[in-house]
Amino acid sequence: MDQEKFGNLIKKIRKDNNLTQKEFADKYNVTYQAVSKWENGKNMPDSLLIKKICDDFNLKIEDLFNGEVKKKSYVPIMIVLGLIVFFIWGLVIIRCIDSSYEFKTITTSCERFNISGSLAYNTKKATIYISNIEYCGGDNREMYSSISCTLYEEDIELFKKIDSYVYEGSPITLEKFLKDVKFKVDDYDSICKDRNIHALYIDIIAKDDKDRAKKYRVDLEVEGSCKK
């Protein structure tokens, strides 16, 4: 997911509906500064707001995540009239599928990190999106030449790597590295179906130029269970 495109689409929706940032913010009980961060690609609405925005402006979840509304193709009106009986049920089914997604908010109670994201799922698939990872454990100005940030699933004593973001290059701070880290996992295989989600956590390993490492495990909390 391109968070900048996401923000541009939010801005387009707002302007197309002749809303100021404050009016848009009031509509969703947030500050206009929050809306500004959405539009600048610095942050995202939580999962419940994403769903409400889609409902309010007749968008598909996929359109919002992709940052663009797919253009619809049109056929001559006479063909539409001739085929409408055959397609009406298909359109209803598609609409039902689009609205079948449920959302769970992903957060963390770790004192050193502030993380926000969401899990979108239905009976066929699940998608994890983590958009914001911030280090808030104090003024850490240490420079690291190698940093890895890996998303894992833990089930009893089994650990499964889901996705990873790795940096190697000129020394940077952990805070700067994390600003570019985003996780978007389509077709996540822990489909939410009559059971709780397996435990998710993020493992961060930062090494300096002398190969000295700092390691962090950040446990993630997913809102409630995934029962359909």
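A: Phenylalanine 57 counts as buried, because its relative accessible area is 17%, where buried means under 20%, exposed over 50% and partly exposed in between, computed with a 1.4 Å probe on protein chains only. The model is a predicted one, in which local features need pLDDT of at least 70 and side-chain atom pairs count only at pLDDT 80 or more, while totals for chains, interfaces and linings use all residues. Residues are numbered from 1 along each chain as its sequence is written, and side-chain values rest on heavy atoms, with hydrogens and water left out.

Two rings of Phe, Tyr or Trp (its six-membered ring) pair if their centres lie within 6.5 Å, and planes under 30 degrees apart count as stacked, over 60 as edge-to-face and the rest as tilted. By this rule there are seven aromatic pairs. In the pair of phenylalanine 24 and phenylalanine 57, the ring centres are 6.1 Å apart and the planes meet at 20°, so the two rings are stacked. This pair links distant parts of the chain, since phenylalanine 24 belongs to helix α2 (residues 21-27) and phenylalanine 57 to the loop between α4 and α5 (61-66), with the two 33 residues apart. Helices (H or I, at least four residues) and strands (E, at least two) are DSSP runs, numbered from the N terminus. Phenylalanine 24 is also buried, at 0% relative accessibility.

Another aromatic pair joins phenylalanine 113 and tyrosine 135, edge-to-face, with 5.4 Å from centre to centre and 70° between the planes. Here, too, distant parts of the chain are linked, with phenylalanine 113 in strand β2 and tyrosine 135 in strand β3 (residues 126-135), 22 residues apart. Both of these residues, phenylalanine 113 and tyrosine 135, are buried. Returning to phenylalanine 57, ring pairs link Phe24, Tyr28 and Phe57 into a cluster.

Asparagine 18, in the loop between α1 (3-16) and α2, has a phi near 55°, which is positive in a residue other than glycine, and it counts as exposed, with a relative accessible area of 68%.

The open sheet has eight strands in the order β5-β4-β7-β8-β1-β2-β3-β6, with antiparallel pairing, and two strands pair if DSSP finds at least two bridges between them. Its edge strands are β5 (158-173) and β6 (183-185), each pairing on one side only, and the twist averages 15° from one strand to the next. Strand β4 (residues 143-155) is joined to β5 by twelve bridges, and tyrosine 144 stands opposite isoleucine 172 in β5. Between β4 and β7 there are nine antiparallel bridges, with glutamate 153 opposite leucine 200 in β7. Between β7 and β8 there are eight, and isoleucine 202 has valine 218 in β8 as its bridge partner.

A nonpolar core is a set of buried Ala, Val, Leu, Ile, Met, Phe, Trp, Tyr and Cys residues joined through side-chain atoms within 4.5 Å. The largest such core has 31 residues, of which Ile130, Leu174, Leu178, Ile202 and Ile204 touch the most other members. At least two residues each come from β2, β3, β4, β5, α7 (174-179), β6, β7 (199-207) and β8 (213-222), and β3 gives the largest share, five residues. Apart from this core lies another, of 22 residues, including Trp38, Leu49, Ile53 and Phe103.

For the chain as a whole, there are seven helices and eight strands, and buried residues make up 37% of the 228 residues.

Technical notes:
Axes fitted to C-alpha atoms, helices over the stretch in contact; angles between N-to-C directions.
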